[in-house]
Amino acid sequence: MSGHLNSDLGKIVIDTDVIATYAGSVAVECFGIVGMAAISMKDGLVKLLKKDSLKHGIHVKINDNKITLDFHVIVAYGVSIQAVSDNLMSNVKYRVESFTGMEIEKINVLVEGVRVID
């Protein structure tokens with residue numbers, strides 16, 4: 001599924017992978033976010049994704065040109081998960097809406113792990 005915008009010159013189509021990659025890059029800039037997480041279906045282990053695989057920790061749904069994002073994140077030990085999540089949601093909402101021209105309907109933050117930052 002992808003997002004569709006109409007302009008005076010034609011149609012703009014935005015692939016969900018583009019939205020996921022951009023949203024992931026915004027997320028890892030947020031204070032308290034160590035990175036995006038992936039869960040192994042085989043053994044249930046959570047692993048920290050590398051910078052070039054950020055989109056795999058994000059699920060994007062587009063319905064009626066409104067975006068829903070699910071973030072699977074690893075947070076820093078000792079931070080307020082509520083504060084980090086609120087910051088993530090507000091930053092992503094503002095920047096992804098500006099980037100795509102589409103509305104964010106919902107952002108879900110799923111904390112998959114905690115890591116101590118050196």
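Biologist: Why is isoleucine 12 called partly exposed?

Modeller: Its relative accessible area is 39%. Buried means under 20%, exposed means over 50%, and partly exposed is in between (1.4 Å probe, protein chains only), so 39% makes isoleucine 12 partly exposed. Before we go on: this is a predicted model, where local features need pLDDT of at least 70 and side-chain atom pairs count only at pLDDT 80 or more, while totals for chains, interfaces and linings use all residues. Residues are numbered from 1 along each chain as its sequence is written, and side-chain values use heavy atoms, with hydrogens and water left out.

Biologist: Where does isoleucine 12 sit?

Modeller: In strand 2, residues 10-15. Strands are DSSP runs of E with at least two residues, helices are runs of H or I with at least four, and both are numbered from the N terminus. Its C-alpha is 27 Å from that of leucine 88, which is 76 residues away along the chain.

Biologist: And alanine 20, what makes that one buried?

Modeller: Its relative accessible area is 3%, which is under the 20% limit, so alanine 20 counts as buried. Alanine 20 belongs to helix 1. Skipping neighbours within four places in sequence, alanine 20 is in contact with Lys55, Ile58 and Val60, where contact means heavy atoms within 4.5 Å.

Biologist: How do you decide whether helix 1 is parallel, perpendicular or oblique to helix 2?

Modeller: Helix 1 (residues 16-27) and helix 2 (residues 81-100) pack at about 140°, with axes 9 Å apart. The axes are lines fitted to C-alpha atoms over the stretch in contact, and the angle between N-to-C directions runs from 0 to 180 degrees. Under 35 degrees is roughly parallel, over 145 roughly antiparallel, 65 to 115 roughly perpendicular, and the rest oblique. An angle of about 140° falls in the rest, which means helix 1 is oblique to helix 2.

Biologist: Which residues make the contact between helix 1 and helix 2?

Modeller: Helix 1 brings Val18, Ile19, Tyr22, Ala23, Val26 and Ala27, and helix 2 brings Leu88, Asn91, Val92, Arg95, Val96, Phe99 and Thr100. Sorted by class, that's ten nonpolar, two polar and one charged. Nonpolar covers Ala, Val, Leu, Ile, Met, Phe, Trp, Tyr, Cys and Pro; charged covers Asp, Glu, Lys and Arg; the others, Gly among them, are polar.

Biologist: Which residues touch the most other members of the largest nonpolar core?

Modeller: Met36, Ile67, Leu69, Phe71 and Val92, out of 28 residues. Elements giving two or more residues to this core are helix 1, strand 3 (33-39), strand 5, strand 6, helix 2 and strand 7 (103-115). A nonpolar core is a set of buried Ala, Val, Leu, Ile, Met, Phe, Trp, Tyr and Cys residues joined through side-chain atoms within 4.5 Å.

Biologist: Why is aspartate 64 called exposed?

Modeller: Its relative accessibility is 75%, which is over 50%, so aspartate 64 counts as exposed. Aspartate 64 lies in the loop between strand 5 (58-63) and strand 6 (66-76), and its phi is near 60°, a positive value in a residue other than glycine.
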